[in-house]
Amino acid sequence: SFEQEMKLQAWLATTRILDARSLDPSTVRAKVLDGPLTLYRVSQSGAPAPPGIWWFTGKIAQRCRDEAGSDRQEQLDYLRNVLAVCFNWSRFDWIQRLSLRAGESIPAVLGRGLPMPYHKADPYINRKTGQLVIDLPPDYWKKKGEILIGGELQVVLPWIPVYRIAPTDSL
């Protein structure tokens with residue numbers, strides 16, 4: 001049962017990574033991360049969906065502090081750009097931290113983020129009507145053509161020890 005569940009979770013994580021089309025395929029690799037290590041993520045406060053699987057390293061957090069200073073909003077803006085998180089994917093307003101202690105390990109997928117559009121419109125089929133739906137944010141046409149640069153290492157954690165995740169005010 002455990003083995004089947006882990007295979008299912010690995011398949012689900014792989015599907016989420018592929019569906020996002022946000023990592024450079026030539027850089028994607030699986031790796032076991034060993035502590036001590038601190039990872040960070042920015043997500044959306046109060047989101048009804050389960051927390052995301054996308055994290056970044058302390059090196060990126062340090063570069064962010066060096067480039068954006070100590071202002072929280074400037075840090076969030078910097079991270080959104082270098083992690084290439086489309087504006088309609090997340091409000092990107094809640095920083096979280098995960099610390100692994102010495103001797104602890106966790107499986108991860110690593111890869112470099114690709115540039116992404118400011119907004120990413122993902123069409124879907126409405127199951128009730130059978131019609132193709134494209135939900136465009138109000139400023140979609142104004143921002144069309146703007147690109148978030150990406151390029152930073154993304155750490156994807158398919159299995160997150162949720163009780164070890166702590167909110168943090170800044171990096």
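**Entry 1. Surface and model**

I began with the surface: the protein exposes about 10,500 Å², of which carbon and sulfur atoms supply 56%. These areas come from the Shrake-Rupley method with a 1.4 Å probe, and for residues only the protein chains shown count as cover. I note that this is a predicted model, in which local features need pLDDT of at least 70 and side-chain atom pairs count only at pLDDT 80 or more, while totals for chains, interfaces and linings use all residues. Residues are numbered from 1 along each chain as its sequence is written, and side-chain values use heavy atoms, with hydrogens and water left out.

**Entry 2. Overall fold**

I find four helices and eleven strands in the protein; helices (H or I, at least four residues) and strands (E, at least two) are DSSP runs, numbered from the N terminus. The radius of gyration is 17 Å, close to the 16 Å that the globule rule gives for 171 residues, so the protein is as compact as a globular protein of that length. The radius is taken over C-alpha atoms, and the rule is 2.2 Å times the number of residues to the power 0.38. Along the principal axes, the C-alpha atoms fill a box of roughly 50 × 50 × 35 Å.

I looked up burial next: 36% of the 171 residues count as buried, meaning under 20% relative accessible area with a 1.4 Å probe, protein chains only. Of the contacts (heavy atoms within 4.5 Å) between residues at least 6 apart in sequence, 79% join residues at least 24 apart.

**Entry 3. Helix α3**

I checked the length of helix α3 (residues 72-83): its twelve residues should span 16 Å at 1.5 Å a residue, and its end C-alpha atoms are 16 Å apart, which agrees. The expected span is 1.5 Å times one less than the number of residues.

Which residues of α3 are buried? I list Gln 75, Leu 76, Tyr 78, Leu 79, Arg 80, Val 82 and Leu 83. Their cover includes α2 (58-68) and the strands β2 (37-43), β3 (54-57), β4 (94-100), β9 (147-148) and β10 (153-156).

Ala 84 is in the loop between α3 and β4. Its phi is positive, about 55°, although Ala 84 is not a glycine. Ala 84 counts as buried at 2% relative accessibility.

I also found a cis peptide bond between Gly 35 and Pro 36, with omega about 5°. Pro 36 sits in the loop between β1 (29-34) and β2.

Ser 43 lies in strand β2 and, at 13% relative accessibility, counts as buried. Leaving aside neighbours within four places in sequence, I find Ser 43 in contact with Ser 90, Phe 92, Asp 93, Trp 94 and Gln 96.

Key: Buried < 20%, exposed > 50% of the residue type's maximum accessible area, 1.4 Å probe, protein only.
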